[in-house]
Amino acid sequence: MIAALSIRPPGAPAPLRVDGMRLIAGSGAEGDRHLDPLSPRQLLLASRAGYAALSLAPQALRENILLDDDVERLPSGTVLQIGAEAKVRLMFACEACGRLDLHGERLAARIGARRGVLARVVEGGVIRPGDPVRNLGQGFASWPDDWRLRIAQVLDAVPPGAVVEYAQLARLAGIQSSYCRAFPRLLRALGSVHAAKAIPARAACPLPRWNGAGLFD
């Protein structure tokens, strides 16, 4: 069951509690800064169990949807029906970032990989606190928690004869653009087949740029 809902509007310093949320299929939560059809990070789901285990203040994890159920135990690719209409697809664990330390000393280190699970909206609808949540089982292929493996997975999906720019690759893999600095070394480690599919934004390359169309289908 949904315990609480929060939306972080663009430019807002922190999420705001709301009494209802409209989920838009393939995009995310209406009015939220993470509304993005080409991102695996449209929603952050957390559980009351996680808050209790870490003795956290409300909204410390900056989640969109707080659940009574322990969502962190569910595998990637699981589909949850929320309320009467909405369905979301669990993607991968959300890594704790340094900004969480604003809510407590060394909070990011304490949380580790227990911040919650990132998700994409499969079917839209309006959801509210108190709505039931039903596990519909594994409906999609899983995505790894390790960002390096996600980079490889995205590169495997690049169509033949196309390339993806570094910034778009980071967006599709669900990582910050600052990770682009690590791409040259990672691509060398992945091998020439993967390395040939990703380029810096200003690279002189005649091949068409892939924006990620079809990646999450």
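## What counts as a salt bridge

A salt bridge is a side-chain nitrogen of Lys or Arg within 4 Å of a carboxyl oxygen of Asp or Glu. Side chains of opposite charge can pair when their charged atoms come close. The structure above is a predicted model, and a search through the whole of it finds 8 salt bridges.

Let's start with one of them. Arg22 pairs with Glu30, and their closest N and O atoms are 3.9 Å apart; this counts as a salt bridge because the cut-off is 4 Å. How exposed is Arg22? Its relative accessibility is 43%, so Arg22 counts as partly exposed. Glu30, at 42%, is partly exposed too.

Now let's step back to the overall layout. The domain assignment gives domain 1, residues 2-138, and domain 2, residues 147-199. Taken over C-alpha atoms, the centres of the two domains are 26 Å apart. Domain 1 brings 6 residues to the contact, and domain 2 also brings 6 residues.

About 570 Å² of area is buried between domain 1 and domain 2, with carbon and sulfur atoms giving 50% of it. Which residues of domain 1 lose the most area to domain 2? They are Leu38, Pro40 and Phe92, which together make up 61% of what the domain 1 side buries.

## A salt bridge between the domains

Between domain 1 and domain 2 there is 1 salt bridge, and there are 2 residue pairs in polar contact. Sorted by class, the side of domain 1 that touches domain 2 has 3 nonpolar, 1 polar and 2 charged residues.

Look for Asp36 and Arg171 in the structure: they form a salt bridge whose closest N and O atoms are 2.6 Å apart. Arg171 sits in helix H4 (residues 166-173), while Asp36 is in the loop between strand S4 (28-29) and strand S5 (43-47), so this pair ties together parts that are 135 residues apart in sequence.

## A salt bridge between two strands

Another pair to find is Glu123 and Lys87, a salt bridge with its closest N and O atoms 3.7 Å apart. Glu123 belongs to strand S9 (residues 117-123) and Lys87 to strand S8 (residues 86-93), so the pair ties together parts that are 36 residues apart in sequence. Glu123 is partly exposed at 37% relative accessibility, and Lys87 is partly exposed with a relative accessible area of 22%.

Note on methods
Residues are numbered from 1 along each chain as its sequence is written. This is a predicted model: local features need pLDDT of at least 70, side-chain atom pairs count only at pLDDT 80 or more; totals for chains, interfaces and linings use all residues. Side-chain values use heavy atoms; hydrogens and water are left out. Domain bounds come from an automatic or database domain assignment. Contact means heavy atoms within 4.5 Å. Buried area is the accessible area (1.4 Å probe) that two parts lose on being put together, summed over both. A polar contact is a pair of N or O atoms within 3.5 Å; within protein, one must be able to donate a hydrogen and the other to accept it, and residues adjacent in sequence count only if both atoms are side-chain atoms. Ala, Val, Leu, Ile, Met, Phe, Trp, Tyr, Cys and Pro count as nonpolar, Asp, Glu, Lys and Arg as charged, and the others, Gly among them, as polar. Buried means under 20% relative accessible area, exposed over 50%, partly exposed in between (1.4 Å probe, protein chains only). Helices (H or I, at least four residues) and strands (E, at least two) are DSSP runs, numbered from the N terminus.
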